[in-house]
Amino acid sequence: MNKLNYQKAVFLLSIANLSQLPPDEGIEVAIVGRSNSGKSSVLNQLTQNKGLARVSKTPGRTQLINLFALDQNHRLADLPGYGYAKVPPSVKKNWQALLDGYLRSRECLRGLILVMDIRHPLKEFDRLMLEWCHQCDLSVHILLNKCDKMTQSAASKTLREVKKALTKYTNEMSVQIFSAMKGKGVKELRGQMDNWFME
């Protein structure tokens with residue numbers, strides 16, 4: 001099978017509850033990150049489409065799962081981030097239920113891309129996501145984004161520290177240095193996603 005062309009990604013739909021998801025078939029790979037991790041920029045860099053994932057500071061946008069189709073059988077799921085957005089507890093509860101339900105029940109989900117700001121890795125949200133994936137036995141690939149903001153030696157040090165922190169988990173986990181701004185690490189990311197999509 002030929003490798004997927006990520007530049008062909010097109011917006012499919014936004015969902016606010018699990019009943020709105022398309023049929024649980026084909027293969028999905030999800031991407032998630034705190035609201036300041038640069039997740040939208042990663043998606044846009046991955047697909048070479050600056051308008052695919054709109055960079056928004058509106059808290060309301062974070063409550064939906066946005067699905068993008070690569071072809072008939074392969075999809076990207078942009079999961080709601082959570083961080084600086086000031087949202088009511090009821091909204092946070094709904095967000096957690098949506099995310100938890102998706103991660104636990106979606107049979108076609110092969111892996112999760114977790115985007116972190118390399119300057120502030122493994123925050124509470126990141127650890128929560130890792131724990132969720134550990135419980136669901138879901139493969140995770142971590143992007144330490146914004147590596148252009150620090151020296152190569154500092155980035156390498158952070159990479160080693162994060163790798164060490166992952167050793168307590170038993171599900172499949174990998175991690176790489178990334179820069180959505182410079183395009184650094186895109187080939188490696190696509191390679192990891194190809195592995196999931198071609199299973």
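This is a predicted model: local features need pLDDT of at least 70, side-chain atom pairs count only at pLDDT 80 or more; totals for chains, interfaces and linings use all residues.
Are Tyr-6 and Phe-197 buried or exposed?

Select the strands and follow their order across the open sheet, which has seven of them arranged as β1-β3-β4-β2-β5-β6-β7 with mixed pairing. At the edges you will find β1 (10-15) and β7 (173-177), each of which pairs on one side only. If you look along the sheet, the twist from one strand to the next averages 20°. Strands of a sheet pair through backbone hydrogen bonds, either parallel or antiparallel. For a parallel example, select β2 (residues 27-33) together with β4 (residues 74-78), which are joined by five bridges, and then pick out Ala-30, which stands opposite Ala-77 in β4.

**Helices on the sheet.** Next, select helix α3 (residues 124-136), which lies across β2, β5 (109-117), β6 (139-145) and β7, and compare its direction with that of β5, to which it runs at about 165°.

**Aromatic pairs.** Now turn to the aromatic rings, which form three pairs in this model. Select Tyr-6 and Phe-197, whose ring centres are 6.3 Å apart and whose planes meet at 45°, so that this pair is tilted. Because Tyr-6 lies in the segment before β1 and Phe-197 in helix α5 (residues 186-197), the pair ties together parts that are 191 residues apart in sequence. Here the opening question finds its answer, for both Tyr-6 and Phe-197 are buried.

Move on to Phe-11 and Phe-68, where the ring centres are 5.8 Å apart and the planes are at 70°; since an angle over 60 degrees counts as edge-to-face, this pair is described in that way. Phe-11 belongs to strand β1 and Phe-68 to strand β3 (residues 65-69), so the pair ties together parts that are 57 residues apart in sequence. Phe-11 is partly exposed, with a relative accessible area of 48%, whereas Phe-68, at 2% relative accessibility, counts as buried.

**Two helices together.** Finally, select helix α1 (residues 39-47) along with α5, which pack at an angle of about 85° with their axes 10 Å apart, so that α1 is roughly perpendicular to α5. To see the contact itself, show the side chains of Val-42, Gln-45, Leu-46 and Thr-47 from α1 and of Val-186, Leu-189, Arg-190 and Met-193 from α5. Coloured by class, this contact shows five nonpolar, two polar and one charged residues.

Definitions and conventions:
Residues are numbered from 1 along each chain as its sequence is written. Side-chain values use heavy atoms; hydrogens and water are left out. Two strands pair if DSSP finds at least two bridges between them. Helices (H or I, at least four residues) and strands (E, at least two) are DSSP runs, numbered from the N terminus. Axes are lines fitted to C-alpha atoms, for helices over the stretch in contact, and angles run from 0 to 180 degrees between N-to-C directions. Contact means heavy atoms within 4.5 Å. Rings of Phe, Tyr and Trp (its six-membered ring) pair if their centres lie within 6.5 Å; planes under 30 degrees apart count as stacked, over 60 as edge-to-face and the rest as tilted. Buried means under 20% relative accessible area, exposed over 50%, partly exposed in between (1.4 Å probe, protein chains only). Angles under 35 degrees count as roughly parallel, over 145 as roughly antiparallel, 65 to 115 as roughly perpendicular and the rest as oblique. Ala, Val, Leu, Ile, Met, Phe, Trp, Tyr, Cys and Pro count as nonpolar, Asp, Glu, Lys and Arg as charged, and the others, Gly among them, as polar.
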